[in-house]
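Dear colleague,

I am handing over the structure we spoke about, and my notes on it follow below. Please read them with the coordinates open beside you.

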Amino acid sequence: MMIQRYRPYLIRLLITSVIALVFVGILNEGFYLLQREQHDRAPRTVQIVVPIGTAERIAAGEAAVSLPEEMVFVVGDTLEVVNQDSVQHELGPIWVPAGSTGRLVLEEANKFAFSCTFAPGNYLGLDVRLPTTLGTRLTALALSAPPMAVFLFIYGLLAFPIKDGKKKKTLEAGA
Amino acid sequence: MRLRYILFGTGSVLFLALLLVGWRVFASPYRYQGSLIDPPPPAADFSLTDQSGQPFRLSDQRGKVVLIFFGYTHCPDVCPITLTDFRRIKEALGNKAEKVTFVFITVDPERDSVERLKAHLGNYDPAIIGLTGTRAELEPVWKNYGVYQAQRDEGSAAGYLVDHTARTYLIDPQGNWRLTYAFEMDHSAIIKDVQHILAER
């Protein structure tokens with residue numbers, strides 16, 4: 001009986017929820033596509049190979065390792081330093097004995113200036129950013145769709161009030 | 001009847017989702033908190049003098065996890081924090097701490113005598129092993145562990161300071177270099193890794 005009474009409201013709420021979800025989804029995705037940057041991606045492994053003879057070339061002031069143009073990472077990326085040189089190397093917290101690979105998961109978004117034994121100047125800057133992934137976009141959708149649905153529902157009630165079923169029936173009978 | 005189908009369908013979907021999440025959580029390999037060295041090479045062995053004046057050889061610690069930090073007792077910042085972290089790690093490990101050796105190797109042998117080390121480490125935990133030696137004995141150890149150290153005299157009444165590497169090294173029970181930790185690394189991250197390595201055995 002209760003459900004029957006509030007059925008039109010529930011249906012209206014369901015419809016406004018679907019409209020809000022679609023509207024907010026299109027809006028969010030539109031802005032995401034407009035503002036999308038290279039670091040908006042899922043975490044991955046970024047490998048840096050330190051070839052044999054690097055220490056000698058660095059000591060002679062030469063660039064020995066080809067480093068990515070932009071050292072921009074996202075939280076969750078794994079930074080992998082493959083040391084093929086005959087001596088140990090380090091990149092900030094990653095210390096790699098000769099012939100081994102050092103692997104570190106970047107957990108914190110920040111700009112780092114690390115001491116680096118295979119970069120000219122012995123310093124390397126790393127920019128670790130928070131990525132905009134499918135998960136963060138879905139979270140944004142989950143956070144913004146409910147208030148929009150409530151707003152549309154209330155607006156709908158004011159603009160297009162639901163007619164009372166009993167009154168409607170009485171009026172019909174009277175006529 | 002229809003409601004029963006809906007409930008059954010929703011329940012099945014939820015159950016499958018839970019299974020999927022559980023599989024993702026438990027089947028994925030352990031992710032180390034520190035910087036992993038792979039393959040782990042044998043850690044360079046050394047023999048130095050501990051705070052009791054007794055010789056300490058790294059290779060004698062086989063079967064235990066060894067955490068090594070290079071520092072000095074007059075250090076105003078990094079070393080006290082790391083030694084406090086060592087104490088916290090030891091406390092958090094409880095009985096398992098018996099399988100972990102905490103080592104503090106000096107980068108200031110001129111001032112860090114056996115007596116000085118004993119008094120200083122007593123402030124944190126006497127179980128932390130402090131190692132010293134002559135500069136000639138320590139230099140190969142620093143070199144093998146990639147430790148930078150340089151004295152810096154700023155005219156302070158407390159004497160000179162020593163700039164040094166602030167990394168912590170984890171050597172596994174097989175005697176291999178396995179992980180390193182930056183100074184900023186939270187001690188709870190080290191605890192997780194140590195527990196995982198101890199459970200591997």
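In what sense, parallel or antiparallel, do S6(A) and strand S1 of chain B pair, and over how many bridges? Please keep in mind throughout that this is a predicted model. The two strands, S6(A) and S1 of chain B (residues 35-38), pair in the antiparallel sense, and three bridges join them. For a residue to start from, take A:Gly102, whose bridge partner in S1(B) is B:Ile37.

Turning to the interface as a whole, 15 residues of chain A are in contact with 18 residues of chain B. The area buried between chain A and chain B comes to about 1,400 Å², and carbon and sulfur atoms account for 45% of that area. On the chain A side, the residues that lose the most area to chain B are A:Pro93, A:Trp95 and A:Arg103, which together make up 42% of what that side buries.

A:Glu90 forms a salt bridge with B:Arg167, in which the closest N and O atoms are 2.9 Å apart. Ten residue pairs are found in polar contact across the interface of chain A and chain B, with both residues of each pair at pLDDT 80 or more. In chain A, strand S5 (94-96) and strand S6 (101-105) each supply at least two residues of the side that touches chain B, and S6(A) gives the most to that side, with five residues. Sorted by class, the side of chain A that touches chain B has six nonpolar, six polar and three charged residues.

Two backbone details also deserve a look in your viewer. Most residues other than glycine have a negative phi, and most peptide bonds are trans. In chain B, however, the peptide bond from B:Asp38 to B:Pro39 is cis, with omega near -5°, and B:Pro39 lies in the loop between S1 and strand S2 (47-50) of that chain. In chain A, A:Asn122 has a positive phi of about 60° although it is not a glycine, and A:Asn122 is found in the loop between strand S7 (110-115) and strand S8 (123-129). Is A:Asn122 buried, partly exposed or exposed? A:Asn122 counts as partly exposed because its relative accessibility is 38%, a value that falls between the limits of 20% for buried and 50% for exposed.

With best regards

Technical notes
Residues are numbered from 1 along each chain as its sequence is written. Chains are lettered from A and ligands numbered from 1 in the order in which they are written. This is a predicted model: local features need pLDDT of at least 70, side-chain atom pairs count only at pLDDT 80 or more; totals for chains, interfaces and linings use all residues. Side-chain values use heavy atoms; hydrogens and water are left out. Contact means heavy atoms within 4.5 Å. Buried area is the accessible area (1.4 Å probe) that two parts lose on being put together, summed over both. A salt bridge is a side-chain nitrogen of Lys or Arg within 4 Å of a carboxyl oxygen of Asp or Glu. A polar contact is a pair of N or O atoms within 3.5 Å; within protein, one must be able to donate a hydrogen and the other to accept it, and residues adjacent in sequence count only if both atoms are side-chain atoms. Helices (H or I, at least four residues) and strands (E, at least two) are DSSP runs, numbered from the N terminus. Ala, Val, Leu, Ile, Met, Phe, Trp, Tyr, Cys and Pro count as nonpolar, Asp, Glu, Lys and Arg as charged, and the others, Gly among them, as polar. Two strands pair if DSSP finds at least two bridges between them. Buried means under 20% relative accessible area, exposed over 50%, partly exposed in between (1.4 Å probe, protein chains only).
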